[in-house]
Amino acid sequence: LNRSTNKICSWGWKAGTSFTPTVTGGFSSPSASINTDAGFGIYKLTGANSQSSFTTGLNQAADFILAKALGQDYDWGVYHSSYQTSLPSAKYLELNEADIPSDKGSAMWEQAGTTIEVHSYAETGSNTDYVYYVWHDVPGLQKFGSYTGNNNADGPYVELGFRPLIVLLKCTSANGTYWTLFDSERRKFNVNNHTLNPDRSADEETSGGNGQVDFLSNGFKLRTTDAGVNGNGTSMIYMAWAESPTVNLFGGGANAR
């Protein structure tokens with residue numbers, strides 16, 4: 001976090017409004033901080049190794065969830081609405097792993113409106129404390145979706161409705177492909193070839209080996225044949241947050257980089 005001469009980057013999401021989730025099953029000691037305008041919430045819960053649920057207090061169902069056990073070295077559990085397209089779902093991803101884990105024996109995720117239900121797996125609800133980070137789509141602010149790779153330097157264009165600040169990508173159809181993160185602070189012009197991988201401790205790559213992308217006024221476009229972000233026919237999910245919406249609150253438009 002503060003080693004001498006090291007360059008450090010960080011990404012922050014503000015919640016800010018106190019909220020007490022309603023819990024069922026094994027969850028107890030709930031607390032939260034949420035931002036309904038931003039479609040984001042942070043939740044702390046104590047699990048009891050049983051099927052459990054909590055309310056988010058947000059305005060719609062979650063599109064992206066990160067769950068982490070605080071008292072054990074369990075993997076990060078990840079839900080993404082474009083990967084778990086049908087609920088209940090036994091599918092899940094791990095933020096700290098490149099490979100796609102095997103489906104759970106029973107449904108891992110379920111949602112009913114703004115209530116999130118999970119089962120008693122290490123990633124979501126064992127006998128320890130958990131933190132959950134929850135987002136949903138908000139037009140002009142953040143978007144979570146998918147695209148199919150074409151293994152071409154003239155890669156897919158993904159419409160977001162805003163100029164992105166952060167784009168996180170993950171292949172969901174092949175093992176061994178890293179989570180790949182781009183942002184407009186570490187690379188201020190196109191082509192953006194400055195990548196970090198949340199599932200690796202490796203240095204930032206700046207050669208384009210893990211992927212290259214253009215940040216545009218209303219989305220992003222792949223500019224590489226790299227299998228990690230644009231393999232032939234691969235299924236990809238994305239998580240994107242805005243630097244500037246296509247049309248802001250005052251009617252102004254976003255410029256390309």
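Helices (H or I, at least four residues) and strands (E, at least two) are DSSP runs, numbered from the N terminus. In these terms, the chain has 1 helix and 17 strands. The radius of gyration, taken over C-alpha atoms, is compared here with a globule rule of 2.2 Å times the number of residues to the power 0.38. For this chain the radius is 18 Å, close to the 18 Å that the rule gives for 257 residues, so the chain is as compact as a globular protein of that length. Along the principal axes, its C-alpha atoms fill a box of roughly 50 × 45 × 45 Å.

The model is predicted: local features need pLDDT of at least 70 and side-chain atom pairs count only at pLDDT 80 or more, while totals for chains, interfaces and linings use all residues. Residues are numbered from 1 along each chain as its sequence is written, and side-chain values use heavy atoms, with hydrogens and water left out.

**Pockets**

A pocket is an open set of points on a 1 Å grid over the protein atoms alone, where a 1.4 Å probe fits, with protein on both sides within 12 Å along at least five of seven lines; lining residues have an atom within 4 Å of a point. Grid points are joined across faces, edges and corners, and a volume is the space filled by probe spheres set on the points. Residue classes are as follows: Ala, Val, Leu, Ile, Met, Phe, Trp, Tyr, Cys and Pro are nonpolar, Asp, Glu, Lys and Arg are charged, and the others, Gly among them, are polar.

| Pocket | Volume | Lining residues | Lining classes |
|---|---|---|---|
| Largest | about 1200 Å³ | 33 residues | 20 nonpolar, 7 polar, 6 charged |

In the largest pocket, C9, S10, W11, L181 and L196 lie nearest the centre. The elements that give two or more residues to this lining are β4 (40-46), β6 (64-69), β10 (129-135) and β13 (162-171).

**Aromatic contacts**

Rings of Phe, Tyr and Trp (its six-membered ring) pair if their centres lie within 6.5 Å. The structure holds 16 such aromatic pairs, and one cluster is formed by W13, F40, F64, W135, F144 and W241. A charge sits over a ring if NZ of Lys or CZ of Arg is within 6 Å of the ring centre and within 35 degrees of the ring normal. R200 lies over the face of Y178 in this way, at 4.2 Å from the ring centre.

Two strands pair if DSSP finds at least two bridges between them. An open sheet of 4 strands runs in the order β2-β5-β9-β8 with antiparallel pairing. Its edges are β2 (23-24) and β8 (109-112), each with a single partner strand, so one side of each is left without a neighbour in the sheet. Strand β8 pairs with β9 (residues 115-118) in the antiparallel sense over 4 bridges, and the bridge partner of A112 in β9 is T115.

**Backbone exceptions**

Most residues other than glycine have a negative phi, and most peptide bonds are trans. A cis peptide bond joins L87 and P88, with omega about 0°; P88 is found in the loop between β7 (77-80) and β8. Another cis peptide bond joins N190 and V191, with omega about 0°, and V191 is in the loop between β14 (180-183) and β15 (213-216). T5, a residue other than glycine, has a positive phi near 70° and is placed in the segment before β1 (17-19).

Methods: Phe/Tyr/Trp six-rings, centres within 6.5 Å; stacked < 30°, edge-to-face > 60°.
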